[in-house]
Amino acid sequence: MADGRQLTIIKVFRKYSHSLGPDALQFLEEILEKHDIADNDVEFSIETIAREYNKQDDAAMKVSLDILRRVYDALQDQGNPGEAEELLDPDSHLYFVDAFEMPSWHWSQERGTFEKSSSPLTVAGSADSRIAAVRNRLHIIKQSILRNEHFSPSTLPSRDREHLVTLKSTKQLLGRAGERFLLLGMLAHNKEGKLCVEDSDGSVELDLSKMDEPGEGLYTEGCFALVEGEYNEDGILEVVAMGQPPCEDLETARSIYGHIDFLGQGSTSLLEDSQFARRIREELSDLYFFFLSDVWLDHPQTLVGLQKMFDNCIENSFIPKVIVMCGNFTSKSIMQGGGRDIQHYQENFDSLGDLIASYPQITRETHFVFVPGPLDITGSSALPRRPILSTFTSHLRSKIPKVHFTSNPCRLKFFGQEVVIFREDTMARMLRNTIGIKPNVTGEDLRRYLVQSILDQSHLTPLTTHIQPVLPDFDHALRLYPLPTAVILADKYEKYKLTYSGCHVFNPGGFVGNSFSFSTYCPAERSSEEGVLDIEQED
């Protein structure tokens, strides 16, 4: 029988989808014994080896002893661990990830893990990619549900097995009228306009008349829901309860898939993340990111507000590392506008570039990120949206050395943190297409329901494509699995902030209003604060 150390070694490598033969297992035990590793430190040490093994290009699922020796030798040659740590350089660990540059990872039912897509991605997509995008969403949610304590049986005999919830497929309903079932599927309307739930095996019509009210969250057409009910002789599921799929926290997902480089900028382990987090708190506690939304450059007060914000930064020696400006950059749509409107659009960006360039320290030290909104000229209304056309931004680019015009959504990677930035009128769109919601939900509960629904669905737009068009080959860029560190849901809806399942979510609100409003995010604290500048307070 395997001892405790062997079980720990096997568990760690299994997390990376690797299996160990007797030779590899013995070699690892010899390493632990050679270095006098205490039982409490076994998992830490093996984690280091397993992570490095997984990074090897020729690493197979069955651990190779030769590769394992090579990894161990490389770790031995990494130098004296007692050497003093160099100070963190934030710029060398700061990346801006465009949605169209993210590698595509899809869920493999055969391997039970993510696989990197080898086929080229196209804007047009195909019928197969449209189906694959929805199935990926379903399988990703389902695999995390099956790990949930209420769905996953213990390996030890216990009474808890009696209370275990079992998911069924729509095909298992046939011929079983009068029985109760729990299904996971997408809410949609069939050709007859009837509400149904669809999974990979089929669909079944739903009758919600016997359900008092759904669980917490916003239930929209296109979202995945857990539906419980009794299947009747007419082939209809009489629903008695409906709930959002449980959200898997960041640490759990990262402990399993932390070796996968979803962003294409290098992966980090939970151990590395914790080390970075400690050092960021110690060395970069005064580093901040600014987030602004609806920066209407055609509004007469906008440049005044930005100038006031920059003045405050200089006066207080508080220079942000990143300033993210989200659209809309115009207060009215100019998609069908005349030549004069389009010329003003470009001139407004020129004026913004001149304003920023008048602050040399900010221009030199701060990264500026521009995320297009629904009214901005990007070439397509489907998500993800392309960056603002370079025709309108050439002057601004020439003025600011650290400028990034990104897609919508885009991602910011800072050491082990991932920040998702999304500009869309999400609240209004979700409420317009809601199938079910608890009655009399307003204010704080409504904001919580929105955040809960987005994160539970592991997707920024849990809607059908006829409601919100999505480029199917790039649907992975809208995915929120594993959970990021923070999500900015920039929206014309009122500002808010809250943390759900360890993910911090906030809306900075519109920049111009009764005051100039924005949000600041502190990576050291992984939290945001509201920034307000009074319009009336002129020097």
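Questions on helix packing, a pocket and backbone geometry

Student: In this predicted model, at what angle do the axes of helix α1 and helix α2 cross?
Tutor: Helix α1 spans residues 4-15 and helix α2 spans residues 22-34. Their axes come within 11 Å, and α1 passes α2 in a right-handed crossing. The crossing angle is roughly 115°.

Student: Which residues of α2 meet α1?
Tutor: From α1, the contact draws on Arg 5, Gln 6, Ile 9, Ile 10 and Phe 13. By class, the contact of α1 with α2 has six nonpolar, one polar and two charged residues. On the α2 side, the residues are Leu 25, Leu 28, Glu 29 and Leu 32.

Student: Which residues are closest to the centre of the second largest pocket?
Tutor: This pocket holds about 550 Å³ of space, and 33 residues line it. Two or more lining residues come from each of α6 (250-257), α7 (270-283), β14 (410-414) and β15 (417-423). Closest to the centre are Leu 250, Arg 254, Asp 273, Gly 416 and Glu 418.

Student: How many residues in the lining of the second largest pocket are nonpolar, polar and charged?
Tutor: The lining is made up of 33 residues. Divided by class, they are 15 nonpolar, nine polar and nine charged.

Student: What is the phi of Phe 415?
Tutor: Most residues other than glycine have a negative phi. Phe 415 is not a glycine, yet its phi is positive. Phe 415 sits in the loop between β14 and β15. Its phi is about 55°.

Student: Which residue does a cis peptide bond join to Asn 408, and where is that residue?
Tutor: Most peptide bonds are trans. The place of Pro 409 is the loop between β13 (403-405) and β14.

Student: What is omega for the cis peptide bond that joins Tyr 481 and Pro 482?
Tutor: Pro 482 lies in the loop between α13 (443-456) and β17 (486-490). For the cis bond joining Tyr 481 to Pro 482, omega is about -10°.

Student: With which side chain does the side chain of Arg 429 make a polar contact?
Tutor: Arg 429 belongs to helix α12 (residues 426-432). Leaving aside residues up to four places away in sequence, Arg 429 touches Glu 424, Leu 463, Ile 467 and Gln 468. The polar contact, at 3.4 Å, is with the side chain of Gln 468.

Methods. Residues are numbered from 1 along each chain as its sequence is written. This is a predicted model: local features need pLDDT of at least 70, side-chain atom pairs count only at pLDDT 80 or more; totals for chains, interfaces and linings use all residues. Side-chain values use heavy atoms; hydrogens and water are left out. Axes are lines fitted to C-alpha atoms, for helices over the stretch in contact, and angles run from 0 to 180 degrees between N-to-C directions. Helices (H or I, at least four residues) and strands (E, at least two) are DSSP runs, numbered from the N terminus. A crossing is left-handed if the near helix is turned anticlockwise from the far one by less than a right angle, and right-handed if clockwise. Contact means heavy atoms within 4.5 Å. Ala, Val, Leu, Ile, Met, Phe, Trp, Tyr, Cys and Pro count as nonpolar, Asp, Glu, Lys and Arg as charged, and the others, Gly among them, as polar. On a 1 Å grid over the protein atoms alone, a cavity is a set of points where a 1.4 Å probe fits but cannot get out, and a pocket is an open set with protein on both sides within 12 Å along at least five of seven lines; lining residues have an atom within 4 Å of a point. Grid points are joined across faces, edges and corners, and a volume is the space filled by probe spheres set on the points. A polar contact is a pair of N or O atoms within 3.5 Å; within protein, one must be able to donate a hydrogen and the other to accept it, and residues adjacent in sequence count only if both atoms are side-chain atoms.
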